[in-house]
Every structure is written in C-alpha cells, then in structure tokens.
Amino acid sequence: MKLSDLRIGKLIAKVPIVQGGMAVRVSTAPLAAAVANEGGIGLIAGSGLKVDELKAEIRKARELSKGIIGVNIMVAVREFKELVDAAVSEGIDLIVAGAGFSRDLFTVGKETGVEIVPIVSSVKLAKISEKLGASAIVVEGKEAGGHLGTDQPMKTLVKKIVKAVKIPVIAAGGIIDGKDIAEVLKLGASGVQMGSRFVASEECEVDDSFKQTYINSSKEDSVLINSPVGLPGRALKNEFFDRLNNNEVDTGKSCDYICLKKCSHSFCIMDSLIKAQEGNMTHGLVFAGERAHLIDKVLPVKEIINNLVNEARKYLGGEE
C-alpha cells in the first residue's frame, strides 16, 4: 500500500495530511502556509477572529504559500456566516466546520465552488453530509483536542463511516506519528487531520509556554472540561484547569466577547483560549489531543511532515 494523494473535490494534496484549525490564534497563517508548502493542507482557525482579521490571515497565508489553504470555523460562533463569507471572498480553497452542523454551508459551497468539509462523529451525519454535497468529511473521535462531538474512539467511527459513504474520509483525533497515519489509511481513510503535533512546531504562533505544556505533559494530564459551548472539551492540566476544577474561575457573564450563539457563561472560553495562546497558564485553557504527551520536541513543519511521511511509508510497506 502506498501513501497516496488526498483528493477533496478539485483539490489534490500531495501529502494526505490536513493541519487542524485550532482556535484561538493557534492555527494562523505561518503554520497553515508552512504545511501547504510541504504538500499538505493548511487550515487557518477562523473562530475567535473578527472578519477583517480572518481576511488578513488568509492574505498572509497566500503570500507565504501557493499550496492549499483552508479555514476552520466553528458553527457555534455567532458570526459564523460572516466569517464564511469573508473566507469565500478571499478565495479560500476549502471550509472545514465543526462544533455544530450547518446545512446552509453546503449551499455556499455549491454557489461558490469552495470545497465544504464538515467534521462529523456519527454515521448519520456522515451520510447527511454526503447527500448535501460535502466534498469530504473529517471523522473525529474522542481522542481529539478541543470540543468533542462523541465519546467514541476515532478508529471505531472510521471503520463504520468508510463503509457508509463514498466521499473521502479524513480521520482525526489522537494521530501523532506516521504509524498512526498508516493505521487509519489501512482502515480505509483517505487522509488524516492532525492538530496537536503541529502546535509543537516552530511556525505555530503560540507562546513557548503553551508548547512546553505539551512537551512536558504526561498521559494523565489529558482531561475533559465542560465547555460553555455545551460540549465537552479535551485539554491539558495546568493552573487554569485546577482553578476551574475548584470553582475559582470567574463566570463569563461580564465578558466582552460576542462569540458564541449559545453560552452557559460558566466561564469565558474565548478569553481563556486567548490567554493560553499568549502564555498565561494561570488564566489560559490549553486544548490538546489525548496523545499530546507523546510529542517530545518542537520542530520545523518541514521536518515534522518529512518524518510523518517517512514513518507512514515504512508502516504501509510501500514507497512512492
């Protein structure tokens, strides 16, 4: 078995790796462009950005790369439509959407030619996505970082969903190395989406303390929180988590962000994610995948992808 191209509609990525769109300001233009330059698909996280900020990130990524650039926008954010329209106006290649499901997004894809890739965690939503015109689907399991739509393991979901749809299935959640990539490709996935591994890259624009939280974490540090979005979220233990667990975090009722369509105001998730990106671990929430503890080094994107490709080919038993 060979490591094949990843085809999403009219797009063809030489490397079947999609870099996850991690908010807030974790997946920005330099990271997305670096991944795209290596033949993968780079995603800019639109959630938490203003319309003009998202446009600026897309333009910057285009200046840095001629590869495939997409955006990831949470359906749960209040300005979802405005952010989608902004991405389309900048000529984005694809839109990945999770934390909710938007039927209107498929209409946008049909009218503009932008490839639409929803994140799903069930056979039912996978089938609905295909019927509505999705170019591919990201199948995300419980191992993923950030907001989760399931408590099912990724491989269990992938096995079921590849049999249920004909469009490309991109596996996400807990994928860290080339062996992981090979395993899901053997299950029938067409590619993978990886977030956590790219946080620990030189091009990722988060504070070094954020990256070191990954590097220094143990298996036991992967925890679930109750997000104000109404979904569980997978994060890493830090000072903020301890304070949250002890009910020492202020509620988000007085927060200045107009970000979510629905919010429990248990705390301000937007503020906590921004604080983490800036390196404030006392007030910052660090989202991470279940197997982030296996990452032991910060590397350039070029080296990360080269390692992933070589490892995957080794375990697939075939060369290009």
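Pocket lining. I listed the elements that each supply at least two residues of the lining of the largest pocket: strand 5 (68–74), strand 7 (115–120), strand 9 (146–147), strand 11 (191–194), helix 8 (196–199), helix 9 (208–215) and helix 11. Helices (H or I, at least four residues) and strands (E, at least two) are DSSP runs, numbered from the N terminus. Helix 11 gives the most, with three residues.

Model. I am working with a predicted model, where local features need pLDDT of at least 70 and side-chain atom pairs count only at pLDDT 80 or more, while totals for chains, interfaces and linings use all residues. Residues are numbered from 1 along each chain as its sequence is written, and side-chain values use heavy atoms, with hydrogens and water left out.

Pocket position. Domain 1 (6–205 + 296–317) and domain 2 (208–292) both give residues to the lining, so the largest pocket lies between them. The domain bounds come from an automatic or database domain assignment.

Isoleucine 295. I found isoleucine 295 in the loop between helix 11 (269–278) and helix 12 (301–316). Isoleucine 295 is buried, with a relative accessible area of 2%; buried means under 20%, exposed over 50% and partly exposed in between (1.4 Å probe, protein chains only). Leaving out residues up to four places away in sequence, isoleucine 295 touches Ile176, Ser196, Arg197, Ala200, Tyr214 and Ile215, where contact means heavy atoms within 4.5 Å. I also checked valine 88: C-alpha to C-alpha, isoleucine 295 and valine 88 are 34 Å apart in space, and 207 residues apart in sequence.
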